[in-house]
Amino acid sequence: MKKIVIEGNRPLSGEVMISGAKNSAVALIPAAILADSPVILEGVPDIQDVHSLIEILEIMGANVRFSNNVLEIDPRGVVSVPMPSGKINSLRASYYFMGTLLGKFGEAVVGLPGGCYLGPRPIDLHVKGFEALGAKVTNEHGAMYLRTEDQTLHGNRVFMDVISVGATINIMLAAVKAKGQTVIENAAREPEIIDVATLLNNMGANIRGAGTDVIRIEGVDQLHGCRHFMIPDRIEAGTYLALAAAAGNGVKVKNVIYEHLESFIAKLQEIGVNMKISEDEIEVYPSTNLKAANLMTYPYPGFATDLQQPLTPLLLMTQGTAEITDTIYSKRVNHVPELARMGADISVEGNMIILNGPNKLHGAEVVASDLRAGACLVIAGLIAEGTTTIYNVDYILRGYDHIIEKLTAIGARIKMVEEVEAE
Ligand code: EPU
(Lines give C-alpha, C1' and ligand atoms only; values in the text may rest on other atoms or scores of the structure.)
Protein backbone atom coordinates (compact mmCIF):
# COMPACT_ATOMS: atom_id res chain seq x y z
CA MET A 1 0.00 0.00 0.00
CA LYS A 2 1.34 3.42 -0.96
CA LYS A 3 0.85 6.60 1.02
CA ILE A 4 2.08 10.18 0.66
CA VAL A 5 3.61 11.86 3.71
CA ILE A 6 3.94 15.65 3.78
CA GLU A 7 5.67 17.92 6.30
CA GLY A 8 3.66 21.08 5.78
CA ASN A 9 4.01 24.81 6.13
CA ARG A 10 7.20 25.31 4.16
CA PRO A 11 7.33 28.13 1.61
CA LEU A 12 7.67 26.78 -1.90
CA SER A 13 9.55 28.52 -4.68
CA GLY A 14 10.92 27.73 -8.11
CA GLU A 15 9.49 26.41 -11.36
CA VAL A 16 7.04 23.67 -12.27
CA MET A 17 6.76 22.31 -15.81
CA ILE A 18 3.24 21.19 -16.78
CA SER A 19 2.88 17.85 -18.58
CA GLY A 20 0.55 16.86 -21.43
CA ALA A 21 -3.17 16.83 -20.74
CA LYS A 22 -4.44 13.62 -19.14
CA ASN A 23 -7.96 13.97 -20.50
CA SER A 24 -6.60 14.54 -23.97
CA ALA A 25 -4.07 11.69 -23.82
CA VAL A 26 -6.70 9.18 -22.73
CA ALA A 27 -8.68 9.95 -25.90
CA LEU A 28 -5.74 10.40 -28.31
CA ILE A 29 -4.39 6.94 -27.45
CA PRO A 30 -7.56 5.00 -28.35
CA ALA A 31 -7.98 7.31 -31.39
CA ALA A 32 -4.62 6.16 -32.74
CA ILE A 33 -5.92 2.66 -33.48
CA LEU A 34 -8.19 4.10 -36.18
CA ALA A 35 -5.09 4.66 -38.33
CA ASP A 36 -3.59 2.03 -40.60
CA SER A 37 0.01 3.12 -39.98
CA PRO A 38 1.99 4.30 -36.90
CA VAL A 39 0.90 7.34 -34.90
CA ILE A 40 3.44 9.24 -32.81
CA LEU A 41 2.14 11.28 -29.89
CA GLU A 42 4.50 13.77 -28.26
CA GLY A 43 4.23 15.38 -24.83
CA VAL A 44 2.34 12.42 -23.38
CA PRO A 45 2.17 12.50 -19.56
CA ASP A 46 3.78 9.63 -17.64
CA ILE A 47 0.72 8.73 -15.58
CA GLN A 48 -0.99 5.49 -14.59
CA ASP A 49 -3.98 6.03 -16.92
CA VAL A 50 -1.60 6.18 -19.89
CA HIS A 51 0.12 2.97 -18.77
CA SER A 52 -3.27 1.24 -18.39
CA LEU A 53 -4.25 2.28 -21.93
CA ILE A 54 -0.92 1.02 -23.29
CA GLU A 55 -1.63 -2.37 -21.69
CA ILE A 56 -5.08 -2.43 -23.30
CA LEU A 57 -3.58 -1.54 -26.73
CA GLU A 58 -1.06 -4.35 -26.38
CA ILE A 59 -3.80 -6.86 -25.54
CA MET A 60 -5.53 -5.73 -28.77
CA GLY A 61 -2.37 -6.41 -30.79
CA ALA A 62 -0.85 -2.94 -31.17
CA ASN A 63 2.88 -2.45 -31.00
CA VAL A 64 3.60 0.35 -28.53
CA ARG A 65 6.73 2.18 -27.34
CA PHE A 66 6.72 4.86 -24.65
CA SER A 67 9.80 6.77 -23.67
CA ASN A 68 10.61 10.42 -22.83
CA ASN A 69 6.94 11.35 -23.18
CA VAL A 70 6.86 10.14 -26.78
CA LEU A 71 4.34 7.40 -27.45
CA GLU A 72 4.58 5.45 -30.69
CA ILE A 73 1.55 3.34 -31.52
CA ASP A 74 1.68 0.96 -34.45
CA PRO A 75 -1.93 -0.17 -34.84
CA ARG A 76 -1.39 -2.54 -37.78
CA GLY A 77 -1.82 -5.69 -35.66
CA VAL A 78 -4.96 -4.49 -33.83
CA VAL A 79 -7.91 -6.89 -33.82
CA SER A 80 -11.31 -6.44 -32.19
CA VAL A 81 -10.66 -8.49 -29.05
CA PRO A 82 -13.59 -8.59 -26.60
CA MET A 83 -12.55 -6.41 -23.63
CA PRO A 84 -15.29 -7.18 -21.11
CA SER A 85 -13.42 -6.38 -17.90
CA GLY A 86 -9.94 -6.29 -16.31
CA LYS A 87 -7.92 -3.17 -17.20
CA ILE A 88 -10.99 -1.68 -18.90
CA ASN A 89 -12.65 -1.15 -15.50
CA SER A 90 -9.59 0.57 -14.04
CA LEU A 91 -10.22 3.88 -15.77
CA ARG A 92 -13.04 5.99 -17.14
CA ALA A 93 -11.58 6.68 -20.56
CA SER A 94 -11.66 3.02 -21.61
CA TYR A 95 -15.11 3.96 -22.97
CA TYR A 96 -13.29 5.54 -25.93
CA PHE A 97 -12.57 2.01 -27.20
CA MET A 98 -16.32 1.71 -27.83
CA GLY A 99 -16.11 4.55 -30.37
CA THR A 100 -12.80 3.54 -31.95
CA LEU A 101 -13.48 -0.20 -32.25
CA LEU A 102 -16.96 0.49 -33.58
CA GLY A 103 -15.50 3.00 -36.07
CA LYS A 104 -12.71 0.64 -37.15
CA PHE A 105 -14.42 -2.76 -37.16
CA GLY A 106 -18.14 -2.03 -36.94
CA GLU A 107 -18.32 -4.04 -33.72
CA ALA A 108 -16.95 -4.03 -30.18
CA VAL A 109 -17.30 -5.66 -26.78
CA VAL A 110 -16.09 -3.31 -24.05
CA GLY A 111 -16.61 -3.50 -20.29
CA LEU A 112 -18.26 -0.67 -18.43
CA PRO A 113 -15.77 2.08 -17.59
CA GLY A 114 -14.44 2.64 -14.07
CA GLY A 115 -12.80 5.87 -12.90
CA CYS A 116 -13.39 8.19 -9.98
CA TYR A 117 -16.73 7.98 -8.17
CA LEU A 118 -18.23 11.46 -8.43
CA GLY A 119 -21.87 10.40 -8.14
CA PRO A 120 -23.74 8.73 -11.03
CA ARG A 121 -21.79 8.87 -14.32
CA PRO A 122 -24.11 7.38 -16.96
CA ILE A 123 -23.06 6.72 -20.57
CA ASP A 124 -26.52 6.98 -22.10
CA LEU A 125 -25.48 9.83 -24.42
CA HIS A 126 -22.59 7.78 -25.82
CA VAL A 127 -25.04 4.94 -26.52
CA LYS A 128 -27.60 7.31 -28.03
CA GLY A 129 -24.92 8.63 -30.39
CA PHE A 130 -23.75 5.16 -31.46
CA GLU A 131 -27.37 4.14 -32.06
CA ALA A 132 -27.97 7.25 -34.17
CA LEU A 133 -25.07 6.08 -36.38
CA GLY A 134 -26.80 2.71 -36.82
CA ALA A 135 -25.21 0.54 -34.13
CA LYS A 136 -27.18 -1.84 -31.96
CA VAL A 137 -25.99 -1.50 -28.36
CA THR A 138 -26.80 -3.91 -25.53
CA ASN A 139 -25.52 -4.24 -21.99
CA GLU A 140 -24.87 -7.92 -21.34
CA HIS A 141 -23.58 -8.89 -17.89
CA GLY A 142 -21.80 -5.57 -17.33
CA ALA A 143 -20.21 -5.28 -20.78
CA MET A 144 -21.38 -3.20 -23.71
CA TYR A 145 -21.93 -5.12 -26.96
CA LEU A 146 -21.90 -2.86 -30.02
CA ARG A 147 -22.87 -4.33 -33.38
CA THR A 148 -23.75 -3.10 -36.88
CA GLU A 149 -25.71 -4.74 -39.72
CA ASP A 150 -22.95 -4.74 -42.33
CA GLN A 151 -19.89 -3.50 -40.35
CA THR A 152 -20.83 0.03 -41.43
CA LEU A 153 -21.93 3.13 -39.56
CA HIS A 154 -23.98 5.83 -41.25
CA GLY A 155 -23.61 9.53 -40.48
CA ASN A 156 -26.51 11.22 -38.73
CA ARG A 157 -27.50 14.24 -36.64
CA VAL A 158 -26.94 13.76 -32.90
CA PHE A 159 -28.23 16.28 -30.36
CA MET A 160 -26.65 16.08 -26.88
CA ASP A 161 -29.29 16.54 -24.19
CA VAL A 162 -26.50 17.21 -21.69
CA ILE A 163 -23.12 18.70 -22.62
CA SER A 164 -20.71 15.76 -22.33
CA VAL A 165 -16.98 15.68 -23.05
CA GLY A 166 -16.83 11.89 -23.26
CA ALA A 167 -19.90 11.47 -25.47
CA THR A 168 -18.79 14.25 -27.85
CA ILE A 169 -15.37 12.61 -28.32
CA ASN A 170 -16.77 9.08 -28.53
CA ILE A 171 -19.27 9.97 -31.24
CA MET A 172 -16.52 11.82 -33.14
CA LEU A 173 -14.32 8.68 -32.92
CA ALA A 174 -17.11 6.44 -34.21
CA ALA A 175 -18.16 8.87 -36.96
CA VAL A 176 -14.82 9.64 -38.63
CA LYS A 177 -15.04 6.53 -40.82
CA ALA A 178 -18.84 6.38 -41.10
CA LYS A 179 -20.58 6.75 -44.47
CA GLY A 180 -21.76 10.33 -44.97
CA GLN A 181 -22.04 13.30 -42.63
CA THR A 182 -22.47 13.34 -38.85
CA VAL A 183 -23.46 16.55 -37.06
CA ILE A 184 -23.04 16.72 -33.27
CA GLU A 185 -25.17 19.51 -31.81
CA ASN A 186 -24.80 20.95 -28.29
CA ALA A 187 -21.31 19.44 -28.35
CA ALA A 188 -18.84 20.01 -25.50
CA ARG A 189 -16.21 22.69 -26.28
CA GLU A 190 -13.29 21.62 -24.07
CA PRO A 191 -9.73 22.13 -25.47
CA GLU A 192 -9.26 18.34 -25.28
CA ILE A 193 -11.97 17.95 -27.94
CA ILE A 194 -10.06 20.27 -30.28
CA ASP A 195 -6.89 18.26 -29.58
CA VAL A 196 -8.58 14.98 -30.52
CA ALA A 197 -10.11 16.52 -33.66
CA THR A 198 -6.69 17.91 -34.63
CA LEU A 199 -5.10 14.46 -34.32
CA LEU A 200 -7.92 12.83 -36.32
CA ASN A 201 -7.69 15.51 -39.05
CA ASN A 202 -3.91 14.98 -39.21
CA MET A 203 -4.73 11.29 -39.69
CA GLY A 204 -6.89 12.23 -42.71
CA ALA A 205 -10.30 12.78 -41.10
CA ASN A 206 -12.61 15.62 -42.09
CA ILE A 207 -13.87 17.27 -38.88
CA ARG A 208 -14.96 20.92 -38.68
CA GLY A 209 -16.20 22.95 -35.76
CA ALA A 210 -14.42 21.25 -32.84
CA GLY A 211 -14.30 23.81 -30.03
CA THR A 212 -17.78 25.13 -30.96
CA ASP A 213 -21.09 23.52 -30.04
CA VAL A 214 -21.67 22.15 -33.55
CA ILE A 215 -19.19 19.62 -34.92
CA ARG A 216 -19.51 18.40 -38.52
CA ILE A 217 -17.79 15.19 -39.57
CA GLU A 218 -17.61 13.94 -43.16
CA GLY A 219 -16.76 10.24 -43.02
CA VAL A 220 -13.61 9.07 -44.84
CA ASP A 221 -12.62 5.53 -45.90
CA GLN A 222 -9.11 5.45 -44.49
CA LEU A 223 -7.00 7.10 -41.80
CA HIS A 224 -3.21 7.10 -41.76
CA GLY A 225 -0.50 7.60 -39.15
CA CYS A 226 0.93 10.98 -38.23
CA ARG A 227 2.91 12.86 -35.58
CA HIS A 228 0.99 14.98 -33.07
CA PHE A 229 2.19 17.20 -30.21
CA MET A 230 -0.51 17.27 -27.57
CA ILE A 231 -1.74 20.20 -25.45
CA PRO A 232 -0.59 20.84 -21.87
CA ASP A 233 -2.81 19.81 -18.98
CA ARG A 234 -4.95 22.79 -17.92
CA ILE A 235 -6.13 20.92 -14.81
CA GLU A 236 -2.60 20.09 -13.69
CA ALA A 237 -1.67 23.75 -14.37
CA GLY A 238 -4.65 24.97 -12.32
CA THR A 239 -3.69 22.61 -9.50
CA TYR A 240 -0.13 24.01 -9.34
CA LEU A 241 -1.41 27.60 -9.62
CA ALA A 242 -3.76 27.00 -6.68
CA LEU A 243 -0.92 25.38 -4.77
CA ALA A 244 1.43 28.24 -5.60
CA ALA A 245 -1.16 30.76 -4.38
CA ALA A 246 -1.79 28.80 -1.16
CA ALA A 247 1.73 27.70 -0.23
CA GLY A 248 4.11 29.51 -2.55
CA ASN A 249 6.77 32.10 -2.09
CA GLY A 250 7.17 32.79 -5.79
CA VAL A 251 6.35 29.86 -8.09
CA LYS A 252 6.47 29.93 -11.89
CA VAL A 253 4.16 27.47 -13.66
CA LYS A 254 5.49 26.76 -17.15
CA ASN A 255 3.99 25.26 -20.32
CA VAL A 256 0.55 26.79 -19.80
CA ILE A 257 -2.03 27.88 -22.37
CA TYR A 258 -3.58 30.83 -20.56
CA GLU A 259 -6.71 30.83 -22.74
CA HIS A 260 -7.56 27.32 -21.46
CA LEU A 261 -7.57 28.65 -17.90
CA GLU A 262 -9.36 31.99 -18.20
CA SER A 263 -12.26 31.21 -15.84
CA PHE A 264 -9.86 29.76 -13.26
CA ILE A 265 -7.45 32.69 -13.43
CA ALA A 266 -10.34 35.15 -13.18
CA LYS A 267 -11.33 33.40 -9.93
CA LEU A 268 -7.76 33.59 -8.59
CA GLN A 269 -7.76 37.32 -9.39
CA GLU A 270 -11.13 37.76 -7.65
CA ILE A 271 -9.65 36.11 -4.54
CA GLY A 272 -6.72 38.53 -4.70
CA VAL A 273 -3.87 36.31 -5.93
CA ASN A 274 -0.92 38.26 -7.40
CA MET A 275 0.22 36.87 -10.74
CA LYS A 276 2.24 37.76 -13.79
CA ILE A 277 0.87 36.16 -16.94
CA SER A 278 3.27 35.71 -19.85
CA GLU A 279 2.96 33.93 -23.17
CA ASP A 280 3.21 30.36 -21.90
CA GLU A 281 3.91 30.68 -18.18
CA ILE A 282 2.32 32.20 -15.12
CA GLU A 283 4.25 33.39 -12.08
CA VAL A 284 2.40 33.46 -8.77
CA TYR A 285 3.68 35.85 -6.09
CA PRO A 286 2.96 35.69 -2.37
CA SER A 287 -0.39 37.34 -1.72
CA THR A 288 -1.97 38.79 1.42
CA ASN A 289 -5.54 39.82 2.27
CA LEU A 290 -7.09 37.04 0.21
CA LYS A 291 -10.87 37.31 0.18
CA ALA A 292 -13.50 34.58 -0.14
CA ALA A 293 -15.33 34.09 -3.45
CA ASN A 294 -18.25 31.90 -4.43
CA LEU A 295 -17.75 29.36 -7.15
CA MET A 296 -19.98 27.44 -9.59
CA THR A 297 -18.66 24.83 -11.99
CA TYR A 298 -19.90 24.70 -15.60
CA PRO A 299 -18.91 23.07 -18.89
CA TYR A 300 -16.00 24.79 -20.65
CA PRO A 301 -15.34 27.72 -20.85
CA GLY A 302 -16.95 27.89 -17.39
CA PHE A 303 -15.07 27.03 -14.22
CA ALA A 304 -13.93 23.38 -14.56
CA THR A 305 -15.38 20.86 -12.11
CA ASP A 306 -11.92 19.23 -12.02
CA LEU A 307 -10.49 22.40 -10.43
CA GLN A 308 -13.15 22.82 -7.78
CA GLN A 309 -11.44 20.46 -5.31
CA PRO A 310 -7.85 21.74 -5.89
CA LEU A 311 -9.04 25.34 -5.32
CA THR A 312 -10.77 24.55 -2.00
CA PRO A 313 -7.62 24.70 0.23
CA LEU A 314 -6.88 28.20 -1.11
CA LEU A 315 -10.45 29.29 -0.40
CA LEU A 316 -9.97 27.98 3.16
CA MET A 317 -7.19 30.57 3.59
CA THR A 318 -9.37 33.50 2.52
CA GLN A 319 -11.31 35.89 4.71
CA GLY A 320 -15.08 35.34 4.71
CA THR A 321 -17.63 32.75 3.66
CA ALA A 322 -17.52 30.94 0.31
CA GLU A 323 -20.12 28.72 -1.34
CA ILE A 324 -19.06 26.15 -3.90
CA THR A 325 -21.67 24.56 -6.19
CA ASP A 326 -20.65 21.84 -8.62
CA THR A 327 -23.32 21.77 -11.34
CA ILE A 328 -21.55 18.92 -13.20
CA TYR A 329 -21.10 16.47 -10.30
CA SER A 330 -23.18 17.45 -7.27
CA LYS A 331 -21.61 14.60 -5.26
CA ARG A 332 -18.02 15.74 -5.86
CA VAL A 333 -17.66 16.57 -2.17
CA ASN A 334 -15.59 13.74 -0.70
CA HIS A 335 -12.70 16.07 0.08
CA VAL A 336 -14.88 17.97 2.56
CA PRO A 337 -14.80 15.55 5.54
CA GLU A 338 -11.04 15.08 5.05
CA LEU A 339 -10.43 18.85 5.13
CA ALA A 340 -12.63 19.06 8.24
CA ARG A 341 -10.35 16.41 9.80
CA MET A 342 -7.48 18.83 9.18
CA GLY A 343 -9.30 21.53 11.15
CA ALA A 344 -11.18 23.33 8.35
CA ASP A 345 -14.53 25.00 8.96
CA ILE A 346 -16.23 23.39 5.97
CA SER A 347 -19.46 21.45 5.45
CA VAL A 348 -21.86 20.25 2.79
CA GLU A 349 -25.41 21.61 2.79
CA GLY A 350 -27.68 20.28 0.07
CA ASN A 351 -25.70 20.52 -3.17
CA MET A 352 -23.38 23.22 -1.84
CA ILE A 353 -20.04 23.23 -0.03
CA ILE A 354 -19.88 26.05 2.50
CA LEU A 355 -16.67 27.20 4.14
CA ASN A 356 -15.70 30.00 6.50
CA GLY A 357 -12.22 31.42 6.67
CA PRO A 358 -9.49 32.04 7.24
CA ASN A 359 -8.54 28.59 8.57
CA LYS A 360 -5.33 27.24 10.04
CA LEU A 361 -5.02 23.63 8.99
CA HIS A 362 -3.15 20.97 10.96
CA GLY A 363 -1.70 17.72 9.67
CA ALA A 364 -3.86 14.58 9.85
CA GLU A 365 -4.33 11.12 8.36
CA VAL A 366 -6.65 11.52 5.38
CA VAL A 367 -7.95 9.44 2.50
CA ALA A 368 -8.02 10.44 -1.19
CA SER A 369 -11.42 9.34 -2.49
CA ASP A 370 -10.73 10.36 -6.08
CA LEU A 371 -8.06 11.99 -8.25
CA ARG A 372 -8.84 15.67 -7.69
CA ALA A 373 -9.77 15.13 -4.03
CA GLY A 374 -6.26 13.68 -3.74
CA ALA A 375 -4.73 16.80 -5.32
CA CYS A 376 -6.77 18.92 -2.91
CA LEU A 377 -5.38 16.98 0.06
CA VAL A 378 -1.80 17.35 -1.20
CA ILE A 379 -2.28 21.15 -1.27
CA ALA A 380 -3.94 21.09 2.15
CA GLY A 381 -1.02 19.02 3.50
CA LEU A 382 1.48 21.54 2.09
CA ILE A 383 -0.15 24.46 3.90
CA ALA A 384 -0.97 22.60 7.14
CA GLU A 385 1.13 22.74 10.28
CA GLY A 386 2.69 19.33 11.00
CA THR A 387 2.54 15.98 9.19
CA THR A 388 -0.21 14.88 6.81
CA THR A 389 -0.47 11.30 5.60
CA ILE A 390 -2.61 10.65 2.54
CA TYR A 391 -3.89 7.14 1.84
CA ASN A 392 -5.34 5.76 -1.42
CA VAL A 393 -2.75 7.65 -3.44
CA ASP A 394 -3.11 5.48 -6.53
CA TYR A 395 -5.88 7.87 -7.52
CA ILE A 396 -3.38 10.74 -7.56
CA LEU A 397 -0.85 8.78 -9.62
CA ARG A 398 -3.52 8.07 -12.24
CA GLY A 399 -3.48 11.73 -13.27
CA TYR A 400 -0.48 13.71 -11.93
CA ASP A 401 2.82 13.15 -13.70
CA HIS A 402 5.80 12.91 -11.28
CA ILE A 403 3.98 14.89 -8.60
CA ILE A 404 6.43 14.00 -5.82
CA GLU A 405 9.44 15.04 -7.92
CA LYS A 406 7.80 18.26 -9.14
CA LEU A 407 6.89 19.31 -5.60
CA THR A 408 10.24 18.30 -4.12
CA ALA A 409 11.96 20.49 -6.73
CA ILE A 410 10.13 23.58 -5.41
CA GLY A 411 11.04 22.81 -1.80
CA ALA A 412 8.18 20.64 -0.53
CA ARG A 413 8.91 17.98 2.07
CA ILE A 414 6.86 15.23 0.49
CA LYS A 415 7.57 11.54 0.00
CA MET A 416 5.89 8.40 -1.19
CA VAL A 417 6.04 5.57 1.30
CA GLU A 418 5.29 2.03 0.22
CA GLU A 419 4.24 -0.36 2.95
CA VAL A 420 4.64 -4.05 2.28
CA GLU A 421 1.54 -5.77 3.59
CA ALA A 422 2.16 -8.78 5.85
CA GLU A 423 0.98 -12.08 4.35
N1 EPU B 1 -23.60 12.64 -18.56
C2 EPU B 1 -24.80 12.02 -18.77
N3 EPU B 1 -24.84 11.03 -19.71
C4 EPU B 1 -23.74 10.64 -20.42
C5 EPU B 1 -22.51 11.29 -20.19
C6 EPU B 1 -22.47 12.30 -19.25
O7 EPU B 1 -25.82 12.34 -18.15
O8 EPU B 1 -23.87 9.74 -21.26
C9 EPU B 1 -23.53 13.74 -17.55
C10 EPU B 1 -22.58 13.37 -16.41
O11 EPU B 1 -23.23 12.62 -15.41
C12 EPU B 1 -22.13 14.73 -15.93
C13 EPU B 1 -22.13 15.56 -17.22
O14 EPU B 1 -22.91 14.84 -18.16
O15 EPU B 1 -23.07 15.28 -15.04
C16 EPU B 1 -20.76 15.81 -17.81
O17 EPU B 1 -20.06 14.58 -17.91
P18 EPU B 1 -18.98 14.31 -19.07
O19 EPU B 1 -19.52 13.25 -19.97
O20 EPU B 1 -18.59 15.61 -19.68
O21 EPU B 1 -17.80 13.70 -18.23
P22 EPU B 1 -16.76 12.62 -18.72
O23 EPU B 1 -16.53 12.78 -20.18
O24 EPU B 1 -17.12 11.28 -18.23
C25 EPU B 1 -14.67 14.14 -18.49
C26 EPU B 1 -13.38 14.07 -17.72
C27 EPU B 1 -13.64 14.34 -16.26
C28 EPU B 1 -14.32 15.70 -16.11
C29 EPU B 1 -15.61 15.74 -16.96
C30 EPU B 1 -16.30 17.10 -16.96
C31 EPU B 1 -12.16 12.42 -18.98
C32 EPU B 1 -11.58 11.06 -19.05
N33 EPU B 1 -12.81 12.74 -17.87
O34 EPU B 1 -15.48 13.10 -17.94
O35 EPU B 1 -12.35 14.39 -15.65
O36 EPU B 1 -14.65 15.92 -14.77
O37 EPU B 1 -15.28 15.41 -18.33
O38 EPU B 1 -15.44 18.06 -17.46
O39 EPU B 1 -12.00 13.21 -19.90
C40 EPU B 1 -10.82 14.23 -13.89
O41 EPU B 1 -9.93 14.47 -14.73
O42 EPU B 1 -10.62 14.21 -12.65
C43 EPU B 1 -12.17 13.94 -14.38
C44 EPU B 1 -13.09 13.36 -13.62
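## The ligand and its surroundings

In this predicted model, the side chain of Tyr 95 places an N or O atom 2.9 Å from an oxygen atom of the ligand.

| Residue | Part of the residue | Distance from its N or O atom to a ligand oxygen atom |
|---|---|---|
| Tyr 95 | side chain | 2.9 Å |
| Arg 121 | side chain | 3.5 Å |
| Leu 125 | backbone | 2.8 Å |

On its own the ligand would expose 830 Å², and the protein buries 90% of that area. The space that the ligand takes up is the largest pocket.

Let's look at the shell next. It counts 25 residues around the ligand, with Ser 164, Val 165, Gly 166, Asp 306 and Arg 372 as the closest. Sorted by class, the shell holds 13 nonpolar, 7 charged and 5 polar residues. Four helices each contribute at least two residues to the shell: α1 (22-32), α4 (124-132), α5 (165-175) and α11 (371-383). Because domain 1 (1-17 + 231-416) and domain 2 (20-227) both give residues to this shell, the ligand lies between them.

Some backbone details are worth a visit too. Tyr 300 and Pro 301 are joined by a cis peptide bond, with omega at about 10°; Pro 301 sits in the loop between β17 (295-297) and α9 (308-316). Another cis peptide bond links Gly 357 to Pro 358, where omega is about 5°, and Pro 358 belongs to the loop between β20 (352-357) and β21 (365-367). Finally, Gln 151, a residue other than glycine, has a positive phi near 60°; Gln 151 is found in the loop between β8 (143-147) and β9 (157-159).

Terms used. Residues numbered from 1 in each chain as written. Predicted model: local features only at pLDDT ≥ 70, side-chain atom pairs only at ≥ 80, totals over all residues. Heavy atoms only, no water. Near = heavy atom within 4 Å. Polar contact = N/O pair within 3.5 Å; in protein donor to acceptor, adjacent residues only side chain to side chain. Areas by Shrake-Rupley, 256 points an atom, 1.4 Å probe, with all protein chains shown as cover. 1 Å grid on protein atoms, 1.4 Å probe; cavity = no way out; pocket = protein on both sides within 12 Å on 5 of 7 lines; lining within 4 Å. Sits in = over half its atoms within 2 Å of the grid points. Nonpolar A, V, L, I, M, F, W, Y, C, P; charged D, E, K, R; others polar. Domains from an automatic or database assignment.
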